[in-house]
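User: I am new to reading protein models. Please walk me through some features, one at a time.

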Amino acid sequence: MALVMASTLSPETLVHAGWWRALWGGVLGPWVRIKRDPAEPVTLLAPDTPVIYVIERNGFSDNLILERACREAGLPSPLTTIPGFGRRRHALFAMRGTGGWLSRRGRDHAARGAILQLLRMLEVAPERNVQLMPVAIYVGRAPNRQSGWFSVLFSENWAVVGHFRRLLALLLNGRDTIVRFSPPISLAGLREESAGERIERLQRKLARVLRVHFRRVRTAVIGPDLSHRHTVVDSVLNAESVRLAIAAHAAKDHTSYARARAEAQKLVREIAADYSPPFVRSVTFLLANFWNKLYDGIQMHHFDTLRANAPGHEVIYVPCHRSHADYVLMSFQLHQSGVVVPHIAAGVNLNLPVLGPLLRRGGAFFLRRSFKGNALYAVVFKEYMAQLIERGVPIEYFIEGTRSRTGRLLAPHFGVLTMTVRAFLRAPRRPILFQPVYIGYEKLMEGRSYIGELSGQKKAKESWLGLLRGLRVLRQHYGRVTLSFGEPILLDPLLDAIEPAWRDATGSDARPEWLSRATDALGERIQIEINRTADVNPINLVAVAILAAPRHALAEADLLAQLELMKAILTELPYSERTTVTPMAPADIIAYAEHMGWIQRIAHPLGDVLAVEGERAVLLSYFRNNVLHLFAAGAWVACCFINNRRIARSTVTRLGRAVYPFIQSELFLPWDAEGFSARIESLIDFLVARGLLAGGGERPLHLAAGREDDAYQLRLLAQCLLQAFERYYIAIAALVKNGPHTLSAGQLENLCQLAAQRLSLLYQHSAPEFFDKSLFRGFIHQLRERHIVWADANGKLEFDAVLADVARDARLILAREVRQSIMKITPDVVAGDAGEAPPAAG
C-alpha cells in the first residue's frame, strides 16, 4: 500500500525526503529489469551541455525507473539541479499526469510551465544551452515465459492507467521494462531556427513536437490507437466511394439501397481484422516455448534500421513468401523486438471456422484471390485498405501473391501495391515506408506438398482436416530461421523519380496515368532489395554445390573445395552490404548438413563421398534457388569456359551484357548493364588471382594448364545458370523450328514446357522449376520487351535474323549434345499437340 501511495506523489513532493526515494528504489529494484534502447544512449548527447529529460507521463515509479536507467547507462541523473536555471530542482519534467489520487489525469500545465521557464532563462542568457532528451518508458511491452500468464493483461497499452494498475504492472511485468532514449532537442538551436517568434508561440510549438514524438514512438512500439472494429466497418460503409458503389449495385440488381448496403456490410465484416493486443500478447506468450522446440533459433539481421525509421511512417512489410509459417514468425519476432504487430493480408482460404476469428484477432484481414465480377467487393476492399493506411496501421502483405514452390522469388502481383499507392495519394498524411524482408529456412514444413504441386498434382484446399493431418510435421526439427530486413524503400522519392509532379494527383480518387509505371518500379525494387539482403545458411551452400555435381554426389575433398570457393566469392566480392553468410567453416557446414539429414556420407577406401538421393535432391533444390542470384555473375564467367578453353575477356563481357536482361528479370539482380559488366570484371580478376583462370591483358583468358581440379570447380559453379540457358535455348529453338507467324505467345509457352518436361525426364534434372511455365513466360516477355520478337496482326510471333544470331551465340555456352537434344526434341513436340502440357511424371 505504501508503494501505491508513493506512486501518487509527485517528485516535487518527495524531493525533501531522499531517504524515501532510496527506500522505494530499493523495494522496486528486484522487480524491475531495464532494457535500454539504444544500449549506449550517452552517445546521443552533446558533450558539456546540460540535459533535461522529458517523459511522457508523470509518476513516482517512472521517475525511479528513469533515474536507475540513467545511472546504469552512465548518463547525468534526472535528479540533478541545472546550474543557473533558477529554482528548477530536477533535470526532468513530464508531458502529462497519470491520473493518480492527488493529481489530475492528463494534466500538462507543469510541462508547459517548464518549457516556458527554460525558454525565458535562455532568452536572458543566450550564451547557454540545454538539451531536452525525450525518454519513453514501457512496462511489460513483451512479457516472457517466466513472467506468468496473468502478466499479459497488465502490459503496456494506450490507456492512461491509475496507480493501482501501474503497481500491478510493475509487480507482474517490471522485469520487461523498456526505456527508449531519443536524440535530444537543442533549445539554443531551436531558438536560432525560430528567431523572431514570441516565446509563448515557441513554447506551444515545442510542446506539440514532443507530444507528436511520444505518440509516434508509442505507435511504433504498442501499435496505433485503433477504434473498435464496428467503427472501422462504419467508416468504410460511410465513405463516398462505397456509398456510390452500393447505389450502383442496387441499381444493377434492381434491389433496395438498404439491402445493397447490408450486402456491403457483410463484405466488410468478411474482410476486416479484429485486432486485439491482449490476444497478440497471449499468443506470443504461448509461442515462445513452441518455437524453441521447432527451431534452433530465429535470427534477425539489420532490424535496427527499421526500428530507427518506423516512427512517423506508415510501415508496409513486404517479405518474400516461403511458408505458412512466415505470417506467425514475422509477427512473433516483431512483437518480441518491441515493434507493433502489423495487420496481415491473408487469403480468404484461411478464413476457416474458429481459425478465421483467431487470425483476425491476431491482425489478419482476408482478401479473395480475384475481384473480377464483383465491383462492390473491389470498392469495399480498396476502401478498407485506405482506412488502415490513413489510421497509420502497419500492414504486411506478400507481393508474390502465393508461396514460392521453387524457392525463387516470383514475379510481383501489383493489385495490393496499387491500392496502397492510391490510398496514399488520396490522403498523404504520413510518408509510406516499404520494408522488404528476406525469410530464410533450413527445412520447410510444406516441402513434400510443393514437390507434388510442381509435378502436376492439384493444390490441396485448406481445411480443418488438412490442418489436423499436417500436425505430424510439427514433430520434426527445422533448424534455424533468419529474418533479414532489407533497405527500406520510401515511397515519396520513388514517386519523385517516376513523376516529379505526382503531388498534383493527391487528394483525389482518380487513377493517374503514371501509376502503372510507379507500381512496376516499386514491385521490382522490392524484389531486388529482398535478394540484396539474403542470408546464406549452410544448407544453401551445400545445395548449390552438391546439386551441381553429376548424380548429386561429390568426393568430400571436392565438396570442401567448392564450399570454400563459394564462401570466398561471397565474402571477398559481397553481393551487397546487407548480404550475410554463415560463419561456419566448410567442414562444419558438411557436418551440419549431415546432422540435418540432407546429405549422407558413403565411406570408401579412396575417400568418403557425400551424396543426396531421390526426393531429398528435389527438396534441396528449393534452398539452392533461394541464393542462386548471389552466384549469377560468377556462374556466367564459368559458363564461358565449359566449351571453350580460351576466350577473349571482352567477349565474356560483351555476351554477359547481352544475356543480362534475361537473367536479371528472372533473378531480380540489382545492377544495370554497366554494373553487371563491372561485376563480371571483378569476378574474372578474382578467378585469375585464385589460379582458376589464366591470361589477361591482350592475351585471351584460358583455363590454367594442368589443374583439372580447378576446371572441375568452374564446371560446378557454371551449373548455377546452365539450366536457365537451356530453357532459353528451348524457346529459341521452338521459334526457329516453327518459323515466324506460326506460334502465339501462349502456344510457345506450352511448347517450351512440353520440351522441358521431356528433357527433364531424359536427363533426370532434380529441379522441378526447369519446366515451370512462368519462367518461360518471363523469358518470352523479355524477348518482346527488347523487340527480338513481336506479335503480328493475328497475334502470332514474328522475328528476324537477330534471333538466329542469338541461337549461334548459344554454341559458346551449351554443349553440342545438349543443343542437339533440344533440337531433336523440339520437332517431336511441334508435331504433336500444342495445347496444355500434361502433368509431369514424378
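Predicted model: local features only at pLDDT ≥ 70, side-chain atom pairs only at ≥ 80, totals over all residues.

User: What do the labels H and S stand on, and how many bridges join S9 to S10?

Analyst: Helices (H or I, at least four residues) and strands (E, at least two) are DSSP runs, numbered from the N terminus. Strands of a sheet pair through backbone hydrogen bonds, either parallel or antiparallel. Two strands pair if DSSP finds at least two bridges between them. Here, S9 and S10 (residues 364-367) run parallel, joined by four bridges. S9 also pairs with S11 (residues 395-396), in the parallel sense, over two bridges. There, His343 has Ile395 as its bridge partner.

User: Is S9 mostly covered or uncovered?

Analyst: Buried means under 20% relative accessible area, exposed over 50%, partly exposed in between (1.4 Å probe, protein chains only). S9 (residues 343-347) is mostly covered, with five of its five residues buried. His343, Ala345 and Gly347 point one way; Ile344 and Ala346 point the other way.

User: Which order do the strands of the open sheet have?

Analyst: The order is S16-S19-S18, with antiparallel pairing. S16 (553-555) and S18 (600-602) are the edge strands, each with a single partner strand, so one side of each has no neighbour in the sheet. From one strand to the next, the twist averages 25 degrees. Three bridges join S16 to S19 (residues 609-611). Ala553 stands opposite Ala611 in S19.

User: How do I read two helices that cross, and at what angle do H27 and H28 cross?

Analyst: Under 35 degrees is roughly parallel, over 145 roughly antiparallel, 65 to 115 roughly perpendicular, and the rest oblique. The axes of H27 (residues 649-667) and H28 (residues 673-689) come within 9 Å and cross at roughly 135 degrees. The two are therefore oblique.

User: Why is H25 called largely enclosed?

Analyst: Nine of the twelve residues of H25 (residues 615-626) are buried, so the rest of the structure largely encloses this helix. Among them are Leu619, Leu620 and Phe623.

Terms used:
Residues numbered from 1 in each chain as written. Heavy atoms only, no water. Axes fitted to C-alpha atoms, helices over the stretch in contact; angles between N-to-C directions.
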